[in-house]
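Colleague: Hi! Could you walk me through this one?
Modeller: Happy to, here it is.

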Amino acid sequence: MMEYTDRHLRHLISLVSPSIELWTEMITSPAIVFTSQNDPSITDRLLKNSPLITDAARLHNVIQIGGSDPKQLAAATTIIKNSPHVYTGINLNCGCPSEKVSGKGCFGAALMLDASLVSSCVKAMITAEGSRDLPVSVKCRIGTDDNDDYETLRKFVEEVHVNGGCNEFQVHARVAILRKNFSPADNRNIPPLHYEHVYRLKRDFPHLVISLNGGVDSLSEALDVFENCPELDGVMVGRSLAAQPWSWSMADEFIYGAEGGGVNTRRLLLEEYGKHADAEEMAAGSKSQRRRILRPITTLFTGEPNGKRFRVALDALMKTAGNKRGKYMNAAKIEEGEEKLSELIMKCATDCLSEAILDQTREQAFEMGLLRAERGSGGGGTKNDGKIKNAISDWNKERKEQEKENKLEEEEEEEEEELAEETLDDESKLA
């Protein structure tokens, strides 16, 4: 998700469930290529992972890029392959329905209308030079606009596989509506889901790696998908992981069959994440990244007693980062002897939350979630659990409200800076 699946959220999820494959937000190929030519420091920032992850064996990171020019995509792929920031795969986005992407950008979901071009793009990426080989996958929809029949999807996948050499597809089980008056939010919710198309695709192409995306909002629903189609290779989840990361803490055991999983309590999770927070602030040399670092943990206690109080405490901590988006010119330097960010995070947690909540194990949290779901659905299971949907809806609302608040703060700060500059100009004229 743009602006959300940054390295901070990815690191948090790696602590919750080490086996989950993590994806970056989409980065356009022009951004990678042009910044590498003009300002490599920006390229480094775009591709950066958590500074704590130095062992490539721990990584399950896929970088997603957008573009429609085979030569430029090949150049971007070479930069990624040669980067010190290690990824385990590259994905070409053919599913984003945003008008900026599919309209003006002529990539994303619009590429599904030209399977031949997608094949050329994928082939260029696979054959791009670099210090290491990386598999290339394609994320797509089941079709565009009125083309929601299975044959449209099958023909697209077959051509990109045969002519482009792509062996892995992540399929959002909705069509992408490319009309200008249809927003990305509309595209996530209005077109009906057709899971049967993705199930059939896997059965028709058993030799390909096929994952399903769309409408999966809980670990229980992911397990339902695998029960309906055991042949599937994966399920892709976005907003649910950002809105309720701890609800996925049993994914290692239930989906991957791995013992041990991630950290066992949210107290331990915050302690481990605090190490990442301190390393990031040390690298930045200031509090400028504080808002981005703290944002992923604001939803760790959604629905718990005093969970909102914890979010409010973190929000106050975020404001010490400054408000100038992209610049944070007024962000304070970290003074010697000042409390580390990790210590401040734990203070927020212990001041706001009970020991029972902080020390609740993954198993206990999962069982409590199932119990709440049964009560909320009248004993009918978790498939239509309103609490999960409401939590994600609340997260989306809070995210939009926070963005509006940040914008207002930025505008106020800009007005203050302009007024200060005018005052200085007037004083200099008088002098």
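Modeller: One term before we start: a crossing is left-handed if the near helix is turned anticlockwise from the far one by less than a right angle, and right-handed if clockwise. Also, this is a predicted model, where local features need pLDDT of at least 70, side-chain atom pairs count only at pLDDT 80 or more, and totals for chains, interfaces and linings use all residues. Residues are numbered from 1 along each chain as its sequence is written, and side-chain values use heavy atoms, with hydrogens and water left out.

Colleague: Thanks! Which hand does the crossing of H13 and H16 have?
Modeller: That crossing is right-handed.

Colleague: And at what angle do the axes of H13 and H16 cross?
Modeller: Roughly 150 degrees, with the axes coming within 7 Å. Therefore H13 is roughly antiparallel to H16 (over 145 degrees on a scale from 0 to 180 between N-to-C directions).

Colleague: Which residues in H13 and H16 meet?
Modeller: Among them are Leu270, Gly274 and Ala277 in H13, and Ile345, Met346 and Ala349 in H16; contact means heavy atoms within 4.5 Å. By class, six residues of this contact are nonpolar, three polar and four charged.

Colleague: Switching topic, what about H2 and H4?
Modeller: Their axes come within 9 Å and cross at roughly 65 degrees, and this crossing is left-handed. Residues meeting there include Ile32, Val33 and Phe34 in H2 and Leu73, Ile79 and Ile80 in H4. That contact has nine nonpolar, three polar and no charged residues.

Colleague: Last one: how much of the chain counts as buried?
Modeller: 50% of the 431 residues, buried being under 20% relative accessible area with a 1.4 Å probe, protein chains only.

Conventions. Helices (H or I, at least four residues) and strands (E, at least two) are DSSP runs, numbered from the N terminus. Angles under 35 degrees count as roughly parallel, over 145 as roughly antiparallel, 65 to 115 as roughly perpendicular and the rest as oblique. Ala, Val, Leu, Ile, Met, Phe, Trp, Tyr, Cys and Pro count as nonpolar, Asp, Glu, Lys and Arg as charged, and the others, Gly among them, as polar.
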